[in-house]
Amino acid sequence: MIRLLYLFTLALCALPFVPGILGIIIPAFSWLPSLGLTTPNLSAFAAVAQWPGLTQSIWLTLFTGLGSTGVAILFCFLILKQYWNSPRWQHVEHSLSPMLAMPHVAFAIGFAFTFSPAGWFYRLLESIGFDTNGLFSLIKDQYGIGLLLALAIKETPFLLLMSISVLQQIKVNSLQAVASGLGYNHNESWLKVILPQWLPGMRLPIFAVAAYGLSVVDVSLILGPTRPPTFSILVWQWFNEPELTLLPRAAVGAIVLLAIALLSLGIIRVAEWYLLQYCRQWQINGPSRVRSNDSTNMALLRPKRHFPSYAPFVLIPVLVIPVLVLWSFAQRWRFPDLLPSRYSLRFWQQESLSLFELAANSISLALASSLCSLILAVACLEYRQQYQRGIPSWLIALPMVLPQLSLLFGIQITTFFIPGQWHWFWVAWSHLFFVFPYLYLALDGPWRNYDIRLDQSARSLGLNGWQTWWRVKRPLLLPAIWLGFAVGISVSLAQYLPTQMLGAGRISTLTTEAVALGSGQDRRVSAIYGLLQGVLPFIFFTMAIAANRYSARFTRRTQQQRRESPDDIICGKPHFK
């Protein structure tokens, strides 16, 4: 059974790339017999090349995508350098949860309501006497600076979370001790000793962040520039043209977007090689100065007391939630008042029926895709443990590093040739395709750290394979399973492009409606959808924590009852504590 699930997962991970790539290459040459296009030609390539503002759109995409990646890497490294193994590191680690659980769309809507010209930040400046007339706006600015900062703030906690396992593997404490003995201070040890080992270990998370920043659609619709837009938005506009004979132009745009993403990932890899391998003089030129005594060493290693550098990554996500709450209940909120003058439940009552239906669709898709992904991930990890053969890492990474728009465009073209209205099935399958890599990576570490000798001991005591997994392995890995399940649900709830493209507009979720409303509709209704879309992942994470604590308490109670059973007392079995 495990072998069959493993083979099915391989097919699930590999087969979508065939229609995904062919589905954009073939239409790009204007060959779509179902639309009457039966003569291959290069007219679509010429139409894209002659599109006005194409060069500016591509440069804007590179600036926001690679710029946000670079800023996120810089902020992540500075936070690690300052707080790793310090008393404040636990505060940093605990503060990652609210940012990671919040979907990108909900964060983008809250960010727009906070930093728009009529947002709460500008109201605060006006209240302290600062004139905001003519002040630069971060929302839909022509340079994409607001989009860059929003993506950097949202992705930095993800890089911090991925850095924890990398730093634990390279044994930072030992490296710092050796570097300190050689005369390096705290900053030099992190820059010359830890950075060259941390950066290669973070290659896959950095690639995922860069690919998302280059191809993001939902956040760009809310925060990005419009004239010209980023290239992903331009391709999305081409794809939504009502004239179907223009699909070849969108296919060419999807190919160009894929090429931009692959070229950018290659540039990042070359930059890493150039920095760490080719130009190594800065790594081996020794310490800048030799410290004289141990007290100086300890003073340099001790973190300084000042405003926490990680505060923006906690304060801004925490701030956007109250802003969304205020806007959802505000009936009258004049500028520059800090708080609404009148409150009302009218907008919640007006949207209650739609919210219930959309929430049901979102939760059903999230539960179905996450549960299937969890079963497949556990089966693949068990197969790897038994047969020492797992899914290739590059195959798991492809859905994370390739642009969703390019893959989904080809897959949707393929679904046109399959008869029947299977929109819910296609959407659930696409969610499964993108949820599985994140859930698999969330469970990979706990499965690797599991001591296989426990299974061997259980089998030697007479338990079969299923009993060993259920009674020995499952209780130990249950916290990771609950957390991974919550991660899968949060990833599914945040999917916009798979739902919009493969659902053909017939499957609506909170995310699709939040993006549609957040890009220019009534702020009160937008705040309601953004708030609910951001609260749902928190609910499931809370339920996962509660279920984990309940299961642990139930396990301890069962073990206590077994120790105190009458049979053990009568038989006189020894009781060890």
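User: Which backbone nitrogen has a polar atom of the Ser344 side chain 3.0 Å away?
Analyst: The backbone nitrogen of Arg346. Keep in mind that this is a predicted model.

User: Where is Ser344 placed?
Analyst: Ser344 is in the loop between β2 (342–343) and α19 (346–387).

User: Buried or exposed?
Analyst: Ser344 is buried. Its relative accessible area is 16%, and the cut-off for buried is under 20%.

User: What does Ser344 contact, beyond neighbours within four places in sequence?
Analyst: Ser328, Phe329 and Gln331.

User: Switching topic. Which peptide bond is cis with omega near 10°?
Analyst: The bond from Phe335 to Pro336. Pro336 sits in the loop between β1 (330–332) and β2.

User: And which one is cis with omega near -5°?
Analyst: Arg227 to Pro228. Pro228 is in the loop between α13 (218–223) and α14 (231–239).

User: How accessible is Gln388?
Analyst: Gln388 is exposed, at 68% relative accessible area.

User: What about phi of Lys140?
Analyst: Phi is positive there too, about 60°, and Lys140 is not a glycine. The residue is in the loop between α8 (120–127) and α9 (145–170). At 31% relative accessibility, Lys140 counts as partly exposed.

User: Over to Glu513. Which helix holds it?
Analyst: Helix α26, residues 510–518. Glu513 is partly exposed, with 26% relative accessibility.

User: What does Glu513 touch, leaving out residues up to four places away?
Analyst: Leu358, Ser508 and Tyr529.

User: What radius of gyration does the chain have, and what would a compact globule have?
Analyst: The chain has 26 Å. A compact globule of 577 residues would be near 25 Å, so the two agree. The C-alpha trace spans about 80 × 70 × 60 Å along its principal axes.

User: How much of the chain is buried?
Analyst: 49% of the 577 residues count as buried. The chain exposes about 28600 Å², and carbon and sulfur atoms supply 64% of that.

User: Last one. How far apart are the mean positions of the positive and negative charges?
Analyst: 7 Å, for 41 positive and 23 negative charges.

Note on methods. Residues are numbered from 1 along each chain as its sequence is written. Side-chain values use heavy atoms; hydrogens and water are left out. The radius of gyration is taken over C-alpha atoms; the globule rule is 2.2 Å times the number of residues to the power 0.38. Buried means under 20% relative accessible area, exposed over 50%, partly exposed in between (1.4 Å probe, protein chains only). Accessible areas come from the Shrake-Rupley method with a 1.4 Å probe; for residues, only the protein chains shown count as cover. Lys and Arg count as positive and Asp and Glu as negative; His and the chain ends are not counted. The place of a charge is taken as NZ of Lys, CZ of Arg, CG of Asp or CD of Glu. Helices (H or I, at least four residues) and strands (E, at least two) are DSSP runs, numbered from the N terminus. A polar contact is a pair of N or O atoms within 3.5 Å; within protein, one must be able to donate a hydrogen and the other to accept it, and residues adjacent in sequence count only if both atoms are side-chain atoms. Contact means heavy atoms within 4.5 Å.
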